[in-house]
Amino acid sequence: MREKIKTFLSVCVLVIAIPYIVTLLFQGNGPEGESQGTSLPDKGKSTLTVEVDGQELEVEEYLAGIVALQIPLDKESEAIKAQAVIARTALLWAAKHQEELPKSMSREEMLELWGQDGFETNYQALESALMATEGEVLTWKGELTQPAFHAVSAGKTRKAKEALGTKIPYLKSVDSQMDIPASDYLKVIFLEKEELAETLKKAVPEANVDAQNVVQQISVLQRDSSDYALEVQVGETTMTGEEFRNCLGLNSACCYIKEVEGKVRIVTKGLGHGIGLSQYGANELAKEGNDYKEILQYYYKDVEITKENSE
C-alpha cells in the first residue's frame, strides 16, 4: 500500500513540475529568461575589441551605438541587420587601418534621445539585429570592404570609379528604382539670386560671381552615369559635384539649376552621395521579403558575408 502511495505522489509531482520545466527550457534559466532572446552577446564571449579613448571595448558593445546613429530603428528588421553588418565591417576596417572609428553613442545618450519608452523599443530592435548578425562582416577576396551607404539614391546607385575616381570592384551602379516614392527622393528649393551669390562668394570667393548673372555663371560640366554632377563650373572656379553640394547644403549632387521667374530653382534627386547601399531601397527590399544577406549582396557586388574573429 505504501509503495502505491509513493508512486501516486511521484506522478503528482511530475505532473505539477512538467509545465515549469518546459517553461524554463523555452524561456531561459530563470525568471528573466523571457528577455534572453534579445540580449547582446555575453561579455567575454566575443574576443574582438577596439580601442576607444585609450580603453579596450568589445566590438559588439561599441557597435550598438554606431548602428543607433546610422539608421532609424523603426525600419524593417532585415534592413537594420544589413546596417549592422555594414557598421561592423566599417568599424573593424577602421581599427585595422588605424583610422578614425565611426561615431557611436552610449546607452545614456540613447535614453536621453529616445526617452524611456522609445529606448526600450529601439534597443530591443538594436539587440535583435546585433545578435542575428554577430561577428558578420562584408569581405571581398578575403579582405574587409569599405561598405559605403546613403539614405536615398537618385534611382540607381553610383559607380565608385566614376564618383571617386578609384575603382572599387564591389561598389558598382545598381538599379534602385524603389527609392522613387521616398519623401527625400525629390526636393525643389527656390533661392533669391542675391542669396545664392552671397553663399557662393563666402565658400569660393575666387569664383567672382555676381548676383545678376549667378545662374548663367553656374554650369555642370560633367555627370556620371547615374546623373550626379561630377564637375561644376562656378564663375572662374571648377569644383567637384560633392563640393558644390556641400557648399549649398543640397540633398545630393544629382542637381539641376534653372532661373524661374527671377529666382533660382534647384532640383535635387536622392539624399546623400549615392554610393553603395541605399537605406530606403534596403528597407523596401526587406518589405518584399528579402533577408539582410540578399539585400547586402544586391547593393555590393561579389562580396561575401563572413564571420570575423580575432585571429
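Predicted model: local features only at pLDDT ≥ 70, side-chain atom pairs only at ≥ 80, totals over all residues.
## Four aromatic pairs

If you look through the rings of the model, you will find four aromatic pairs. One of them joins Phe-119 and Tyr-123 in a stacked arrangement, with 5.2 Å from centre to centre and 20 degrees between the planes. Both residues belong to helix α4, which covers residues 107-132. They are four residues apart there, about one turn of the helix. Phe-119 is buried, and Tyr-123 is buried too.

Another aromatic pair is made by Trp-140 and Tyr-170, and this one is tilted: the centres are 6.5 Å apart and the planes make an angle of 50 degrees. Here the pair links distant parts of the chain, 30 residues apart. Trp-140 comes from strand β3 (residues 136-140), while Tyr-170 sits in the loop between α5 (160-164) and β6 (186-191).

## A cluster of three rings

Phe-119 and Tyr-123 share one aromatic cluster with Trp-114.

## A charge over a ring

For a contact of another kind, turn to Lys-301 and Tyr-298. The charged end of Lys-301 sits over the Tyr-298 ring, 5.2 Å from the centre of that ring.

Notes: Residues numbered from 1 in each chain as written. Heavy atoms only, no water. Phe/Tyr/Trp six-rings, centres within 6.5 Å; stacked < 30°, edge-to-face > 60°. Helix = DSSP H or I, 4+ residues; strand = E, 2+ residues; numbered from the N terminus. Buried < 20%, exposed > 50% of the residue type's maximum accessible area, 1.4 Å probe, protein only. Lys NZ or Arg CZ within 6 Å of the ring centre and 35° of its normal.
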